[in-house]
Amino acid sequence: MSYADGGKPAEHVLQLLSGFWHTQIIVVLSRLRVADELAAGPRSTRDLAAAVGVDPGALLRLLRAAATAGLMTETEPDHYRLTEAGECLRSDSPTALRELAVAYGSPTVWRLVGEFEQAVHTGEPVAPTLLGRTFWEHLAAHPEEAEHFALGMGEQSAQVAADVAATVDPSAYERLVDVGGAYGVLLAALLDKAPSATGVLLDRPPVIEAARQRLRGSPLAERIDLVGGDFLEEVPKGDLYLLKWILHDWDDEHAVRILATCRRAAPPGARLLLVEMLLPEPWTPSHVHMSDLAMLVLLGGRERTEAQYRDLLRAGGWELEEVTPTSGRYSILRAVTGA
């Protein structure tokens, strides 16, 4: 029950204050792969504890809390099955969130978020102070964390890519460039709809090597060029540029630099698609405000309004043509090369 639903104000605040336990429940279930173990149906706590290698009594307490959070249901005493929400934590779920949970639950992320007040005081990300380098530099030095982060983004990409592919007709383009596209999920979804087009996937060299392994044997492998590089410096030539969840990671100066780098490579009449969440204008309550805080603390980026993206695009040499909401949380901002 929330205050907005008529609950008592103090109860509402207490519910919010204990929210970190919900996060940890999801994180620990994900690390232990409990949802995978329950994929075939209900199991006893003792059997499940043996399968994942934990203390049965402690696991029972975790599962009871998970059931309270709506992730599990007790089918008989000390036997649990997944709810529809709990199914999202399975590794093979179409709406998989397991890797994202592991990434969000990393000690590094929790340490950084724990210094949220510092970011509010300074308006700057806390990683340089706490870690001695940016969050991206930290991931580059810690491959295991970086892999979970990339896999978590990949999990989210599948549904978003489907939403974008259902909205965008790429058949008029010959060369699609996925800028910072991780494993190329969005690029592949669009190339499926444009059989005569080719694609370029640009990302950091370690990510590109992982993408190469994933694409091996795929029908699209021969149509996608894999390029390791830095999109702040140079991007390949194409007539449709894809930037999904890229600009919100960066402050305005770097965001304009990324757009300008794409513009230098783009021929006249090329298009650019931004896939981002938009801050509501005028202000209304929205999940986007929570993501905006994550950008502040972790990366120094920000979520933006449509008007703010329009200004960034113009500063980077592009003109916003239209904005199309997808069926999910994201919008597609289509821009054309400016004068």
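1. A first point of orientation is the way two helices meet: α15 passes α17 in a right-handed crossing, where right-handed means that the near helix is turned clockwise from the far one by less than a right angle, and left-handed that it is turned anticlockwise. The helices and strands named in this note are DSSP runs numbered from the N terminus, with at least four residues (H or I) for a helix and at least two (E) for a strand. The model is a predicted one, in which local features need pLDDT of at least 70 and side-chain atom pairs count only at pLDDT 80 or more, while totals for chains, interfaces and linings use all residues. Residues are numbered from 1 along each chain as its sequence is written, and side-chain values use heavy atoms, with hydrogens and water left out.

2. The axes of α15 (residues 252–265) and α17 (residues 306–315) come within 8 Å and cross at roughly 55 degrees, the axes being lines fitted to C-alpha atoms, for helices over the stretch in contact, with angles from 0 to 180 degrees between N-to-C directions. The two helices are therefore oblique to each other; on this scale, angles under 35 degrees count as roughly parallel, over 145 as roughly antiparallel, 65 to 115 as roughly perpendicular, and the rest as oblique. Contact, taken as heavy atoms within 4.5 Å, joins Asp252, Ala255, Val256 and Leu259 of α15 to Leu312, Leu313 and Ala315 of α17. By class, this contact has six nonpolar, no polar and one charged residues, where Ala, Val, Leu, Ile, Met, Phe, Trp, Tyr, Cys and Pro count as nonpolar, Asp, Glu, Lys and Arg as charged, and the others, Gly among them, as polar.

3. Arg314 also lies in helix α17, and Arg314 is partly exposed, with a relative accessible area of 43%; buried means under 20% relative accessible area, exposed over 50%, and partly exposed in between, with a 1.4 Å probe and protein chains only. Although Arg314 and Arg334 are 20 residues apart along the chain, their C-alpha atoms are separated by 12 Å.

4. The reader may next turn to an open sheet of seven strands, which follow the order β6-β5-β4-β7-β8-β10-β9 with mixed pairing; two strands pair if DSSP finds at least two bridges between them. Its edge strands are β6 (224–228) and β9 (318–325), each of which pairs on one side only. Direction ignored, neighbouring strands of this sheet are turned by 20 degrees against each other on average.

5. With β4 (residues 175–179), β7 pairs in the parallel sense over three bridges, and Leu176 has Leu240 as its bridge partner. Five bridges join β7 to β8 (residues 271–276), again running parallel, and here Leu243 is partnered by Leu274.

6. Helix α15 lies across β4, β7, β8, β9 and β10, running at about 165 degrees to β7.

7. A separate open sheet has three strands in the order β1-β3-β2, with antiparallel pairing, and its edge strands are β1 (43–44) and β2. Two bridges join β1 to β3, and Ser44 stands opposite His79. Four bridges join β2 (residues 72–76) to β3, among whose pairs is Thr73 with Arg81. These last two strands form a hairpin with two residues between them, and Asp78 in the turn has a positive phi of about 65 degrees.

8. Thr83 is found in the loop between β3 (79–82) and α6 (84–87), and it counts as buried at 14% relative accessibility. Leaving aside its neighbours within four places in sequence, Thr83 is in contact with Gly70, Leu71, Met72 and Thr73.

9. Helix α5 lies across β2 and β3, at about 45 degrees to β3. The axes of α4 (residues 45–52) and α5 (residues 56–68) come within 9 Å and cross at roughly 110 degrees, and these helices are therefore roughly perpendicular to each other.
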